[in-house]
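Let's take a walk through this structure, starting with charged side chains and ending with strands. Keep the model open while you read.

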Amino acid sequence: MTFETDFVLDEPYLVFVACWGSGKTLLMITKAKKLNELGEKVLILVFLNGKELEEGQKSLLILDLEEKLKEYQNVTVKGVRYKEWSEDSIQYYSMKDIDGNDLSTDGYKHIFVDEYFEDLIKLNKEAIRKFKEMLQGKKTVWVSLS
């Protein structure tokens with residue numbers, strides 16, 4: 001690791017905006033491993049387009065993260081299926097884990113969000129409020145925009 005990387009790893013709140021393959025997820029993995037060694041619980045959320053993936057289906061990124069972090073008992077990887085739709089000019093959203101359960105960050109002080117939506121201002125206002133609520137009061141929040 002370089003000095004610049006070490007400095008980034010000490011930051012409690014980060015938003016990564018960079019192209020694919022630039023190392024955003026690698027930095028999250030590195031920080032998650034360090035927190036695990038300290039006995040801290042870490043939740044890595046990978047956002048998925050709920051219209052394209054079925055319930056229970058994992059992306060390759062989730063499978064890769066699970067494999068790389070399987071020895072780290074304090075690190076949990078969860079897929080988040082986000083889906084929006086409209087009916088009778090009312091906009092609805094669903095933000096559940098890949099198994100269809102309500103999404104919760106309770107019990108975790110450190111949250112890493114990978115593949116969050118770059119055009120987040122277009123997301124349902126209630127979903128944005130819920131997302132902010134899930135991150136509130138956490139010691140570490142890193143978000144990577146896709």
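Is aspartate 64 buried, partly exposed or exposed? This is a predicted model, and in it aspartate 64 has a relative accessibility of 32%, so it counts as partly exposed; the cut-offs are under 20% for buried and over 50% for exposed.

Now see what aspartate 64 does with its side chain. It forms a salt bridge with lysine 68, with the closest N and O atoms 2.9 Å apart. Both sit in helix H3 (residues 60-68), and because they are 4 residues apart, about one helical turn separates them. Lysine 68 is partly exposed too, at 43% relative accessible area. Glutamate 66 pairs with lysine 58 in another salt bridge, 2.9 Å from N to O. Here again the ends are partly exposed: lysine 58 has 35% relative accessibility, and glutamate 66 has a relative accessible area of 26%. As a general point, side chains of opposite charge can pair when their charged atoms come close.

Move on to helix H4 (residues 125-135), where glutamate 133 and arginine 129 lie 4 residues apart, about one turn of the helix. Salt bridges that share partners tie these two together with Glu126 and Lys130 in one network. The side chains of glutamate 133 and arginine 129 meet at 2.7 Å, N to O. Glutamate 133 is partly exposed at 41%, and arginine 129 is partly exposed at 40%. The count of salt bridges for the model comes to 7.

For a nonpolar bit of surface, look at Trp85, Ile90 and Tyr92, which make a patch of about 270 Å². Tryptophan 85 belongs to strand E3 (residues 75-87) and is partly exposed, with 33% relative accessible area.

Finally, go to strand E6 (residues 140-145). How many of its residues are buried? The answer is 6 of the 6, so the strand is largely enclosed by the rest of the structure. In a regular strand, side chains alternate between the two faces of the sheet. In E6, Thr140, Trp142 and Ser144 point one way while Val141, Val143 and Leu145 point the other, and all are buried.

E6 also has strand partners. Strand E1 (residues 13-16) runs parallel to E6 and is joined to it by 4 bridges, with leucine 14 opposite tryptophan 142. Strand E5 (residues 110-116) is parallel to E6 as well, through 5 bridges, and there valine 113 has valine 143 as its bridge partner.

Conventions: Residues are numbered from 1 along each chain as its sequence is written. This is a predicted model: local features need pLDDT of at least 70, side-chain atom pairs count only at pLDDT 80 or more; totals for chains, interfaces and linings use all residues. Side-chain values use heavy atoms; hydrogens and water are left out. Buried means under 20% relative accessible area, exposed over 50%, partly exposed in between (1.4 Å probe, protein chains only). Helices (H or I, at least four residues) and strands (E, at least two) are DSSP runs, numbered from the N terminus. Two strands pair if DSSP finds at least two bridges between them. Patches are made of residues with over 30% relative accessible area and no salt bridge: like charges are joined within 9 Å, nonpolar side chains (Val, Leu, Ile, Met, Phe, Trp, Tyr) within 5 Å. Accessible areas come from the Shrake-Rupley method with a 1.4 Å probe; for residues, only the protein chains shown count as cover. A salt bridge is a side-chain nitrogen of Lys or Arg within 4 Å of a carboxyl oxygen of Asp or Glu.
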